[in-house]
Amino acid sequence: MKKCEISEKRCNFAKSIQLLSVEQEKFTLLNSISYPDDLRRLKVDQLPQLCEELRKDIVDELSVNPGHLASSLGVVEITVALHYVYNTPDDRIVWDVGHQAYGHKILTGRREQFCTNRKLGGLRPFPSPLESEYDTFACGHSSNSISAALGMAVAACQTGNPRKVVAVIGDGAMSGGLAFEGLNNVSSSPNDLLIILNDNNMSIDRSVGGMKQYLLGLNTNETYNALRFKASRWMHRKGMLNDDRRKGLIRLSNAVKSAISHQQNIFEGMNIRYFGPFDGHNVKELVRVLRQMKDMKGPKLLHLHTKKGHGYAPAEQDVTTWHAPGKFDPETGERIVDNSPDKPQKYQDVFGHTLLELAEQNPKIVGVTPAMPTGCSMNIMMKAMPERVFDVGIAEGHAVTFSGGMAKDGLIPFCNIYSAFSQRAFDNIIHDVALLGLNVVFCFDRAGLVGEDGATHHGAFDLAALRPVPNLTIASPLDEHELRRLMYTAQLPGKGSFVIRYPRGGGVLKDWRCPLEEIKVGTGRKLQDGQGVAVLAIGPIGNEALAAAKATGAAMYDMRFLKPLDEQLLQEVAERFDRIVTVENGVKNGGLGSAVLEWMNDHGYQPRITRLGLPDNRFVEHGTISELQQIVGLDTTSIINAIKS
């Protein structure tokens, strides 16, 4: 992979300080490893030391270049063992929940560049085949590893390729519906897939639901497992597991185990051979087990217990905070946090406090989140009213339909989903909410550009995807006051299915509190009169547009609603201006700009319209939000240039 100039300068400067003399002492083994081939030259007895060094390297790097810490610390031993036993990259390791994979990146030729992780032009925030041949599949979201790895395993069988395929699923991803769909299909297709279940009882917050309780209480007899392990290897050597007899033997094994443990194993009930649970932090034991399982035929699942944040005390003690802690002192664990009193509140916190305020006034209001109570600040209401907030696990489609069911019988669910993750629930939004006009309030956090998390996490498509759907009201606030008022409006009687989208990070107002007042649905507002050009914007990106309008003397309109559009306002614009600039923090094809074009055409107006938004001919990669806004033309300067042109 090519090094970008910025990453090379930063890396060389950082390494020149960091690796002077202490690095040679701290990273004796890690310094000798550039790729997994180097790792495989080590002795098994050296692997525990390598794991300590890899864990230390991750902590040191993330203390100055923030990222996802606790998850990667929890899978260090799994990462080392997999690359030690399997012949990567020819053998496939398919990661699930990509923030587990920092150790994987460091061991696969990217350690020198790791200081550019998540930075503009640097390493991608999550594994991607576009970055490295060791990254076998995209995994920014969760629960897709089993399906993708099964496809690769079937392809290997179909083509006669002897490669091995391993899916590593964890961090709560087993609660996702796609994981169960993949499991259901694993036993019906000829394959030799190995599924590693990294069971750490966590996603970002604590895992919830029946699968969590099942894994916690899974009754496995150690003596039986040891005997079966030996027996399966003996039968494999005798060729007894290489034909149709295998399924019969597995069913017999399942029956015996059920009799011994008085419990049916859900995985073995699907004819997937189950092994475990084992200690996921015992790297030597992991190597032994993986070597013994490597050539076994048929699908199998290895259950490993790990601890998120393992090996770094602050992360072990508060895994939610240390999921992505920002900058910190690696020696003391003290986080470097900007607590400036003048710093605006995050939009998510305004949402969280406002939701609690509304719930105190309206007993019908409930909260629903797919595994993100802290990330979306629904934990504020959860702490005050735990019986009225439902964390459904990493299951966005279920979150929507579950909300629809509650709304059908009189409750008012505020269903908060990150915009990019809502893509997984598109059918549910249409079929299970909008079709019946149910009063579910969808709050799409992280809408638009999200910054360093990159292409898999940008909330680019919600406006364009949902605009054609009947019975939906779609709105986006200019600021925190508008967010509060839209939330208040959405829960009033008769408002139906309501979408409110807002971005990641801080707002623009020092004092975000304001009276809760109704906003008439489908109304925008003129923020500044002007001459020559009218700027029409939706959402917080309108603050950039307003600054550009003030700099150029253009008129500025805050549309507020994408659906229904304010037709009275559009008629005023059409009659006064022959040049219009639309601005939105979403793909420009299908969103606000397209809606304005369609309305003007349908009503016989022909102004010159310039649409500013995210491109749909490429995915926007990672960088700071301000850097990305400049690249896609959504910063103030770019909007000024569009107005002038």
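Analyst: Strands here are DSSP runs of E with at least two residues and helices are runs of H or I with at least four, both numbered from the N terminus. The model is predicted, with local features requiring pLDDT of at least 70 and side-chain atom pairs pLDDT 80 or more, while totals for chains, interfaces and linings use all residues. Residues are numbered from 1 along each chain as its sequence is written, and side-chain values use heavy atoms, without hydrogens or water.

Thr582 belongs to strand 16, which spans residues 579-587. Its relative accessibility is 0%, so Thr582 counts as buried (under 20% relative accessible area with a 1.4 Å probe and protein chains only; exposed is over 50%, partly exposed in between). Beyond its neighbours within four places in sequence, Thr582 is in contact (heavy atoms within 4.5 Å) with Leu536, Gly593, Val596, Ile609, Thr610, Arg611 and Leu612. Across the protein, 57% of the 645 residues count as buried. Of the contacts with a separation of 6 or more, 76% join residues 24 or more positions apart.

The protein has 26 helices and 17 strands. Seven strands make an open, mixed sheet in the order 7-6-8-9-11-10-15, where two strands pair if DSSP finds at least two bridges between them. Strand 7 (389-391) and strand 15 (561-563) are its edges; each has a single partner strand, so one side of each lacks a neighbour in the sheet. From one strand to the next, the twist averages 20 degrees. Within this sheet, strand 10 (residues 472-475) and strand 11 (residues 497-501) run parallel and are joined by four bridges, with Thr473 partnered by Phe498 of strand 11.

Helix 17 (residues 396-408) lies across strand 6 (365-369), strand 7, strand 8 (412-418) and strand 9 (441-445), at about 170 degrees to strand 8. Axes are lines fitted to C-alpha atoms, for helices over the stretch in contact, and angles run from 0 to 180 degrees between N-to-C directions.

Helix 8 (residues 145-159) packs with helix 9 (residues 177-186) at about 35 degrees, their axes 7 Å apart. From helix 8, Ile146, Ser147 and Leu150 meet Leu178, Ala179, Gly182, Leu183, Asn185 and Val186 of helix 9.
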